[in-house]
Amino acid sequence: MQETPGTMTSACQTDPVKEKKKPQRSKGVQTKPREKTTGTPIERKLFQDTGSQCNIIPTPKKEAEGRDLVLGGDGRADSPGHCAKFGSYTMLELHANVVIDVQLVQSNECGGSYHMEKTGLERSLAHLERQGLAVGTMVTDRHRQIAKWLRETYPHIEHLYDIWHVAKGFSKKLLAASNERECQVLRPWIKSVSNHMYWCAVSTPFGQGAQIVAKWESVVSHVQNVHTGHGDLFPSCIHGRLEGRESHKKWLEPSSKAAVKLETLVCNKTLCKDILKLSGGSQTSAVEGFHSLLIQFAPKMYVFSYTGMLCRILIAALHFNENANRVQGVTKAGEAMYSIKYPKGRKGAAVLRRVLESPTYEYAQELLEEVVKECTDKENVEAEFAVEPVIVPPPLCAEFPHPEKSDFVKQHLSRFKR
Ligand SMILES: [Zn+2]
């Protein structure tokens with residue numbers, strides 16, 4: 001995103017929460033050039049500095065010294081469904097657990113909602129390059145368009161997949177298969193096979209994708225109570241003698257319909273290619289965590305202006321970075337605090353969660369102090385805050401033909417007379 005000086009518009013002075021869905025007024029005939037806005041003092045503070053939408057987010061140069069960045073990336077749409085107006089792309093440094101860049105994209109900047117994620121990633125990587133940072137690894141979900149683009153544009157970046165996304169997709173397919181006739185016996189195996197996928201990736205040293213696949217495919221024999229002769233890379237299971245509940249599992253009959261179905265799903269070529277690229281280390285759960293937090297700052301049920309949305313994303317990033325590494329809280333008696341949760345995904349099963357210390361909001365105070373400083377700075381006041389504007393894309397309807405109003409009314413009336 002480029003930033004050039006411009007004049008203030010009223011669009012960014014309203015409280016975005018109160019904005020309602022309203023038709024965009026437009027005067028131009030074709031796509032208008034991006035509007036320049038300097039925004040309110042707090043917005044200007046957020047957009048200050050150089051070349052990025054989010055220079056307020058400190059780039060973790062200190063953490064990045066002497067090593068390449070390990071990034072988790074994912075896109076988020078501003079509304080449910082497939083016709084979102086805004087999409088944002090989050091880049092999180094997984095070792096430091098800090099959001100290092102967030103890019104906001106409006107759908108008409110990139111030819112439709114579908115392309116927003118890729119455009120966000122493109123801008124983010126370009127921004128990091130400008131900052132002189134080297135990206136070593138990127139962990140994402142299995143977005144095909146992103147995978148292809150990364151492979152072709154940044155071949156030196158090691159692109160890996162988050163295990164949860166791959167395991168979730170596979171479990172869904174196995175569940176559907178277990179509903180077929182003579183395949184019900186697969187159902188008790190769904191959780192074990194999904195857990196096996198995690199183990200395959202986590203237990204294998206970095207860069208040995210072929211071994212992850214060998215371990216993964218061994219599950220076909222294991223579920224038939226065969227634990228040796230899996231192949232050269234992973235000859236036999238390492239679980240030792242099975243005892244108790246494990247030894248009484250309902251093994252699959254070799255060549256039965258269920259066993260064949262499982263083998264087809266496990267050895268699927270596309271899946272095995274994805275397994276090859278599973279990340280055994282860092283995962284993108286922190287990115288999902290940031291997106292959950294973002295819902296608090298920019299709920300999907302409200303409509304925001306471009307600058308409103310951008311501010312909210314940036315403030316959410318500041319909040320995340322200040323609070324991401326909170327420690328577990330303790331009671332007055334000095335005991336570690338826990339709470340019981342019932343996540344939807346566990347279908348009623350209780351889960352114990354650590355209760356973290358209360359969040360802090362020092363970033364808000366710092367931001368306000370900066371704003372006061374800027375507003376009282378003599379030079380700024382004299383220059384009417386003519387600093388670092390944000391370039392806002394034209395509204396979506398700017399691309400449509402705009403008829404002359406008087407002609408349009410005439411046309412309407414003549415049709416009415418007939
Ligand atoms: Zn086994």
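**View A. Helices α5 and α6 cross in a right-handed sense.** A crossing counts as right-handed if the near helix is turned clockwise from the far one by less than a right angle, and as left-handed if anticlockwise. The model shown here is predicted, and its local features need pLDDT of at least 70, side-chain atom pairs count only at pLDDT 80 or more, and totals for chains, interfaces and linings use all residues. Residues are numbered from 1 along each chain as its sequence is written. Helix α5 covers residues 163-178 and helix α6 residues 190-202; their axes come within 9 Å and cross at roughly 155°. Helices (H or I, at least four residues) and strands (E, at least two) are DSSP runs, numbered from the N terminus. Axes are lines fitted to C-alpha atoms, for helices over the stretch in contact, with angles from 0 to 180 degrees between N-to-C directions. The two helices α5 and α6 are therefore roughly antiparallel (over 145 degrees; under 35 is roughly parallel, 65 to 115 roughly perpendicular and the rest oblique). On the α5 side look for I163, V166, A167, F170, S171, L174, L175 and S178, which meet I190, V193, S194, M197, Y198 and A201 of α6; contact means C-beta atoms, placed from the backbone, within 7 Å. This contact of α5 with α6 has 11 nonpolar, three polar and no charged residues (nonpolar: Ala, Val, Leu, Ile, Met, Phe, Trp, Tyr, Cys and Pro; charged: Asp, Glu, Lys and Arg; polar: the others, Gly among them).

**View B. Helices α11 and α12 also meet in a right-handed crossing.** Here α11 (residues 285-297) and α12 (residues 306-323) have axes that come within 9 Å and cross at roughly 125°, so the pair is oblique. From α11, F290, L293, L294 and F297 meet R312, I313, I315, A316, H319 and F320 of α12. By class, the contact of α11 with α12 holds eight nonpolar residues, one polar and one charged.

**View C. Helix α3 packs against helix α4 at about 35°.** The axes of α3 (residues 116-130) and α4 lie 9 Å apart, and the crossing of α3 with α4 is right-handed. You will find E117, K118 and L121 of α3 in contact with Q145, I146 and W149 of α4. Three nonpolar, one polar and two charged residues make up the contact of α3 with α4.

**View D. Five strands form an open, mixed sheet in the order β4-β3-β2-β5-β6.** Strands pair if DSSP finds at least two bridges between them. At the edges stand β4 (98-106) and β6, each with a single partner strand, so one side of each has no neighbour in the sheet. From one strand to the next, the twist averages 25°. Strands β2 (residues 69-77) and β3 (residues 86-93) are antiparallel, with seven bridges; G73 has M91 in β3 as its bridge partner.

**View E. Strands β5 and β6 run parallel, joined by four bridges.** Helix α4 (residues 144-153) lies on the chain's path from β5 to β6, and this β-α-β crossover is right-handed (with the strands pointing away from the viewer, the path from the first strand over the helix to the second runs clockwise). Strand β5 spans residues 135-140 and β6 residues 158-161. Opposite V139 you will see L160 in β6.

Conventions. Two residues are in contact if their C-beta atoms, placed from the backbone, lie within 7 Å.
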